[in-house]
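Please read them with the structure open.

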Amino acid sequence: AGSALSLREPSPGGGGGGTDVVVEAGEDAAAALLLAEPDGPDRCLSLLPWDRFSAWLHCVCVVGFDLELGQAVEVIYPPHSKLTDKEKTNICYLSFPDSNSGCLGDTQFCFRFRRSSGRKVSFCCFLDQLDRELPVYLKKDPAYYYGYVYFRQVRDKSLKRGYFQKSLVLISKLPYVHLFRTMLKQIAPEYFEKSEAFLEAVCSDVDRWPPPTPGKILHLPIMGIIMKLRIPTYRDKPGTTPIVQNMHQADAQISMALPTVHEVDLFRCFCPVFFHIQMLWELVLLGEPLVVMAPSPSESSETVLALVSCISPLKYCSDFRPYFTIHDSEFKEYTTRTQAPPSVILGVTNPFFAKTLQHWPHIIRIGDIKLPGEVPKQVKVKKLKNLKTLDSKPGVYTSYKPYLNKDEEIVKQLQKGVQQKRPTEAQSVILRRYFLELTESFIIPLERYVASLMPLQKCISPWKSPPQLRQFSQDDFMKTLEKAGPQLTSGLKGDWIGLYRHFLKSPNFDGWFRSRQKEMTQKLEALHLEALCNENLVFWSQKHTEVETVDLVLKLKHKLLQADREQLPVKTETLKKLQTHINDIILALPDDLQDILLKTGTT
C-alpha cells in the first residue's frame, strides 16, 4: 500500500517497508523491528540485546552509602544505560529515606523526577503505538522517570557506621507501581545476599519479557517465578478490572497473578484522613498545591499516588512527587516564597518542610499508616496556623471551603466495613467506585458540551479544508448545566457551578480539553479523508490542468503521511483506496511527471 502505510501494515518479510524511525541508541533501539515482527514466542530472535528490557525499564541502580561521598550510585545496569550527572544526583538522594525516618529493616517506596532537559527524547513508533492504547492516566510522560526503591538498613558491626545501608532501584518511564513493587519484593532480598551476578541474571530475565502490550495477558518470568498480569486499555470500562486467573503450571515454575499493575491500596492510604476524602478529591481535581507530610517515604509516596489516582479516569495533569527531599533539583523552584505555590502534590518526610512549606495553602499530615481496628474518630479540618512542626497531630490543615456538601453515606459505609472487619481490598473497591462515580458525574456534562462543538458531518467537503471546532464558551457550558448537569447522575448537593468555574481555570481542565480537542480534530481529518476517497478523483483530474492535478497528488500524499504519523482513526481500506486514487491519477499524467511524482512525498 506504499510507504505511507508501512507502519500500519508491515511487509510480510518483517522489514517494515522502509520506515524512517528516529531512535535513541541503547533505549528503545530497533523498536521498528519489534513492530514489524509477528506475534509469538520467537519474537525476540531478530531483536538486539536490551531492546525488550528497554521497553520496561531504563536501568537498574544500586545506591549505597560511602563515608566520604555520602549516598553514591555504585552500579548502573545495563552498563551502557545513560544517566546525566543531575539525574544520578537526584537518584542518590531520592533512594534513601531521610535520616529522621528511622527506617530499620526493609522499606519500599517510589519517587518521580524530571529527565534532564536537552536530552534526546527517544522516538519509538512501536512503544508509541502501545502508549496510544492506554487509558489517559497511564500514558507515559516523556519528561519524567519513576524510581522504584527497595531500601535495606540493618545493624552491621563490621561496618564503620555500624549499619548496612543500600537501595536497589528500578528506573522506568512506566507508572506501573504495583508491578515493580512486586518485582522488587521478589528480587531485592536475594540481591542483597548474592550481589552482581544475580542482578545481571534479573536483567537478562527482563530482556526476555514480551512488550508491555495493553489488553493482553502477559507472562513475565523473573528468577524462577512467572508474574501474570494485564495492562488496562482505554477501551476498558472505567472501574472494571478483568481478573487474571492463577493457572496451574505444568512445569515447576510458580505463577503469580497480579490483580493490578498500577493501583495502590486506596483505603489504607486514605485512612488517616478518612473524613476528608471528598474535600481532598476537590483539591486534586482543581490542581491545588498540596503537601503530604508523612513519617516515612513509603507512606508519603503511597498517599501521593492515592491522591493522584482519586480523580481517575481523569488524568492529573500537574507535577506530583511521591517523595521529595531538600536535595531535589526542583527544591528551590517549589519552595520559593516569591510567588504563589505551584500546582503540584509533594510527599515529604523531613521536618524542615514543616517550616519551609508553611505558606502552602493545603497540608495533609499523616501518622504511621495502620489499618484501624476501630472506627476512626471524627477529625476536624485544622487551621494552617496550627501547623508548626512535623510533630503536629495528623489531619488536613487548610482554610479551603469545599464546594459540595459532604457525602455522609460513603463515610458510614466505610465505618461499617471497619466494624465488620471487611478486608481492606474490599474497602478500597468501595472507595475507588465512589471516587469514579463522583468524577464521572462531574465530567459527563463537560463531555456532552464539548461533543456539541463538533461540526456536523454535512459540513465536511472534500474540496475544502476540514471545518474547525467551535470555540469553548464558559457561559454556554454553564447554561447547559441547568438541564444536563451532574444532578442527572449524582445526588450530591452543593455549589457545582462554583466547582466548574474553578476547574475551568485549572491545569487538569487544560490537559483534558487539549486531549479532547486533539481527538476531535483527528476525527475531522479522518472524515475529510473518507470524503476524498468517495470522490472520483481521476475524473476530477481530467477536468483540471496539470498544475492543479500535481497539486492534488501532493496534497493527497501529505494526507496519507499525516494519517500514518498521527495514527488518525481511519480504516485501512480507506487508506488503500486513497493510495489507489493517487496511483491512478499519476498514471494518467505524462511520463516525466509520473517519474517525479512517484518519487515525491513518499518518506
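1. In which helix does D476 lie? D476 belongs to helix α14. Helices here are DSSP runs (H or I, at least four residues) and strands are E runs of at least two, numbered from the N terminus. D476 is partly exposed, at 38% relative accessibility. Buried means under 20% relative accessible area, exposed over 50%, and partly exposed in between (1.4 Å probe, protein chains only).

2. A word on the source. This is a predicted model, in which local features need pLDDT of at least 70 and side-chain atom pairs count only at pLDDT 80 or more, while totals for chains, interfaces and linings use all residues. Residues are numbered from 1 along each chain as its sequence is written, and side-chain values use heavy atoms, leaving out hydrogens and water.

3. The overall picture comes next. The protein has 20 helices and 13 strands. It contains 603 residues, and 53% of them count as buried. Take the contacts (heavy atoms within 4.5 Å) with a separation of 6 or more: 72% of them join residues 24 or more positions apart.

4. Look at Y449 again. Its ring centre is 5.1 Å from that of F472 and the planes stand at 90°, so the pair is edge-to-face. Rings of Phe, Tyr and Trp (its six-membered ring) pair if their centres lie within 6.5 Å; planes under 30 degrees apart count as stacked, over 60 as edge-to-face, and the rest as tilted. Y449 sits in helix α13 (residues 424-451) and F472 in the loop between α13 and α14 (474-484), so the pair ties together parts 23 residues apart in sequence. Y449 is buried, at 7% relative accessibility. Ring pairs also place Y449 and F472 in a cluster whose members include W281, F442, F477 and W512.

5. How many aromatic pairs does a search of the whole structure find? The count is 35. One of them is F113 with Y145, a tilted pair at 5.7 Å centre to centre and 45° between the planes. F113 is in strand β3 (residues 105-114) and Y145 in strand β4 (residues 144-155), so the pair links parts of the chain 32 residues apart. Both residues, F113 and Y145, are buried.

6. β3 and β4 pair in the antiparallel sense over 10 bridges; strands pair if DSSP finds at least two bridges between them. C110 has Y148 of β4 as its bridge partner. Of the 10 residues of β3, seven are buried.

7. R112 deserves a look. Its charged end sits over the ring of Y144, 3.9 Å from the centre. The charged end of R112 also sits over the ring of F320, 4.0 Å from the centre. The test is NZ of Lys or CZ of Arg within 6 Å of the ring centre and within 35 degrees of the ring normal.

8. Helix α20 (residues 591-599) has L593, Q594 and L597 buried. They cover an arc of only 105° around the axis, so they lie on the same side of α20; the arc uses directions from the helix axis to the C-beta atoms. The face turned away carries the exposed residues D591, D592 and K599. Cover for the buried residues of α20 includes α18 (546-565) and α19 (572-587).
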